[in-house]
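The tour below goes from selection to selection.

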Amino acid sequence: MNDIFLHIGSNVIMPLSKIIAILDFAKIKGFISCENGEYCCQREKVKTCIITDEKIYLSPISANTLNERLTNFPKLLED
């Protein structure tokens with residue numbers, strides 16, 4: 001079966017199979033160092049931390065929006 005890809009910001013597209021967690025950055029920024037992340041936007045605009053099996057990505061797209069895309073994707077295939 002082919003993998004599904006998710007756009008996480010700034011021309012970065014991630015295979016869903018690599019994503020471990022999508023977290024609201026405001027809730028975890030005290031627990032994770034920004035220096036460890038690969039930025040998909042300017043530091044001030046980070047809304048989401050995406051943890052993969054290889055890297056941590058910091059995205060300007062909200063965790064809610066990314067999760068909605070994943071939730072609604074199967075519905076789009078049905079139409």
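The stops run from the whole chain to single residues.

This is a predicted model, in which local features need pLDDT of at least 70 and side-chain atom pairs count only at pLDDT 80 or more, while totals for chains, interfaces and linings use all residues. Residues are numbered from 1 along each chain as its sequence is written, and side-chain values use heavy atoms, with hydrogens and water left out.

**Whole chain**

Start with a cartoon view. The chain has 2 helices and 6 strands, arranged along the sequence as β-β-β-α-β-β-β-α. Helices (H or I, at least four residues) and strands (E, at least two) are DSSP runs, numbered from the N terminus. Of the 79 residues, 32% are buried; buried means under 20% relative accessible area, exposed over 50%, and partly exposed in between, with a 1.4 Å probe and protein chains only. A contact is a pair of heavy atoms within 4.5 Å. Among contacts between residues at least 6 apart in sequence, 45% join residues at least 24 apart.

Select residues 5–9, which are strand S1, and 12–15, which are strand S2. S1 and S2 pair in the antiparallel sense over 4 bridges (two strands pair if DSSP finds at least two bridges between them). Gly-9 stands opposite Val-12 in S2. The two strands form a hairpin with 2 residues between them, and Ser-10 in the turn has a positive phi of about 45°.

**The cores**

Next, show the side chains of Leu-6, Ile-8, Val-12, Met-14, Ile-19, Ile-22, Ile-50, Tyr-57, Ile-61, Ala-63 and Leu-66: these 11 residues are the largest nonpolar core. Such a core is a set of buried Ala, Val, Leu, Ile, Met, Phe, Trp, Tyr and Cys residues joined through side-chain atoms within 4.5 Å. S1, S2, S3 and helix H2 (63–78) each give two or more residues to this core. Apart from this core lies another, of 5 residues, among them Phe-25, Ile-28, Val-46 and Leu-58.

Centre on Ile-61. Leaving aside neighbours within four places in sequence, Ile-61 is in contact with His-7, Ile-8, Gly-9, Lys-47, Thr-48, Leu-66 and Arg-69.

The Thr-52 side chain reaches two backbone nitrogens: that of Glu-54 at 3.1 Å and that of Lys-55 at 2.8 Å. Beyond four places in sequence, the contacts of Thr-52 are Met-14, Lys-18, Ile-19, Ile-20 and Tyr-57.

**The salt bridge**

How many salt bridges does the structure hold? There is 1 (a side-chain nitrogen of Lys or Arg within 4 Å of a carboxyl oxygen of Asp or Glu). Glu-54 pairs with Lys-18, and their closest N and O atoms are 3.5 Å apart. Glu-54 lies in the loop between strand S5 (48–52) and strand S6 (56–59), and Lys-18 in the loop between strand S2 (12–15) and strand S3 (19–24), so the pair ties together parts that are 36 residues apart in sequence. Glu-54 is exposed, at 61% relative accessibility, whereas Lys-18 is partly exposed, at 28%.

**Last stop**

Select Asn-64 in helix H2. Asn-64 is exposed, with a relative accessible area of 58%. The C-alpha atoms of Asn-64 and Leu-23 are separated by 9.1 Å, and the two residues are 41 apart along the chain.

Technical notes:
A polar contact is a pair of N or O atoms within 3.5 Å; within protein, one must be able to donate a hydrogen and the other to accept it, and residues adjacent in sequence count only if both atoms are side-chain atoms.
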